[in-house]
Amino acid sequence: MNNINAQKPFGLLRVLKFTDTLIQYEKGVEVMENIAESIRRATPLVKKEEKSFIAKNASYAHGNVEDKSCVDTLILLQHFPVFTLGKRGHASDFKASESEIQARLGATISSVGRGGEVTYHGPGQLVAYPVISLRRRSLGPRAFVESLEDTVSQTVRRWGIQAEGRVPGRTGVWVDDQRKIAAIGVQIRHGVTTHGLALNVNTDLSAFDLIVPCGISDKEVTSMAKELSLRDGTTGRGMEGRGM
C-alpha cells in the first residue's frame, strides 16, 4: 500500500481500528458489509447507526467517517469468541457439539459467505477486513490474496518469526510449512472485497482443538506468542498487554 500514489482518489485508504475492545462478530460484519455496499454504489454510508458505532468505538480512524468519496477501508478488530463456517465448511469440521462449544468457550457459530472452511476468532487475534475495490487498484483475486499473505509474513518477521505465504495448495501464512499463524478467507462481489485475514497474536490456541481448522487435519495452528516462546524458551507472555 505504501507504493500507491496517495494523491490519486483510488489510492486513498481509510483505516478504522476497533482493537481496544471486543466486537461481536455479527456487528463487525454488518459494518464491513455496509462499507462494501457504499463502495459498490459510490455513495456515502447511509446508516446513521453505523456512523454512530464507528464514531463511538473506533479508537483510531485515518480518514473521515463522513467522507463522501467512499474510499477503500481497512477495518482492524478483535472479536468475541466465535467459530465461522465458510462456503466449503461442513458440520464434520467440528469436533464438539454446539452446546459444548458454548459451555467451554462461550463461543457462537456463524455461517459466512467467505471462502474456506471453519476457523476461530477470539481475544488476542488481530482480524483485518480490507474492504477495497479491486478494479480501482487493478488487482486480480489471486494477487489480492497473495498481497495479504505477504503483508502478514512481513509483519511477523519484524518480530523475528520466519513465516511464508504463497504455499501451493494452501492459503494463509505458515511457519516451517507446518504451523499456521494466520488464516485468510475473502469474498469478492462486484469487484469489492470483504472478510480478510486473522493473525494469531496471543490467541488461546486450545479453541482450535474443537475444530479441523480450515479443513486441514495434519497441521498445527500457532500464534506469535507461541513462536516467540519456542524461540526464546519463555512463556510467550511478552505479547500480553501489547496494543493492537
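**Close-up views of a predicted model**

F83 is buried, with a relative accessible area of 0%. The views below come from a predicted model.

**View 1. F83 and F94 form an edge-to-face aromatic pair.** The ring centres of F83 and F94 lie 6.2 Å apart. Their planes meet at 75 degrees, and over 60 counts as edge-to-face, so the pair gets that name. F83 sits in strand β4 (residues 82-85). F94 sits in the loop between β4 and α3 (98-105). The two residues are 11 apart in the chain, and the pair links distant parts of it. Are these residues buried or exposed? Both F83 and F94 are buried.

**View 2. F83 also pairs with Y120.** Here the rings are tilted, with 50 degrees between the planes. The distance is 5.1 Å centre to centre. F83 belongs to strand β4 and Y120 to strand β6, so the pair ties together parts 37 residues apart in sequence. Y120 has 4% relative accessibility, and buried means under 20%, so Y120 counts as buried.

**View 3. Four aromatic residues form one cluster.** Its members are F83, F94, Y120 and F208. The structure holds 4 aromatic pairs.

**View 4. The largest cavity holds about 70 Å³ of space.** The model has 3 cavities of 30 Å³ or more. Which residues line the largest one? Among them are T119, Q125, K180, A198, N200 and F208. Strands β9 (179-189) and β10 (192-200) each supply at least two lining residues. β9 gives the most, with 4 residues. By class, the lining of this cavity has 8 nonpolar, 3 polar and 1 charged residues.

**View 5. The second largest pocket has a volume of about 370 Å³.** Its lining is made of 26 residues. Closest to the pocket centre are G115, G116, T171, I184 and G185. Which element gives the largest share? That is β9, with 5 residues. The pocket lining divides into 12 nonpolar, 9 polar and 5 charged residues.

**View 6. Residues 1-10 have pLDDT under 50.** For this stretch the model has 9 contacts beyond four places in sequence. Where pLDDT is low, the predicted coordinates should not be read in detail. Over the protein chain, the mean pLDDT is 86. There, 86% of the residues reach 70 or more.

Conventions:
Residues numbered from 1 in each chain as written. Predicted model: local features only at pLDDT ≥ 70, side-chain atom pairs only at ≥ 80, totals over all residues. Heavy atoms only, no water. 1 Å grid on protein atoms, 1.4 Å probe; cavity = no way out; pocket = protein on both sides within 12 Å on 5 of 7 lines; lining within 4 Å. Points joined across faces, edges and corners; volume = space filled by probe spheres on them. Nonpolar A, V, L, I, M, F, W, Y, C, P; charged D, E, K, R; others polar. pLDDT = per-residue confidence, 0-100. Contact = heavy atoms within 4.5 Å. Phe/Tyr/Trp six-rings, centres within 6.5 Å; stacked < 30°, edge-to-face > 60°. Buried < 20%, exposed > 50% of the residue type's maximum accessible area, 1.4 Å probe, protein only.
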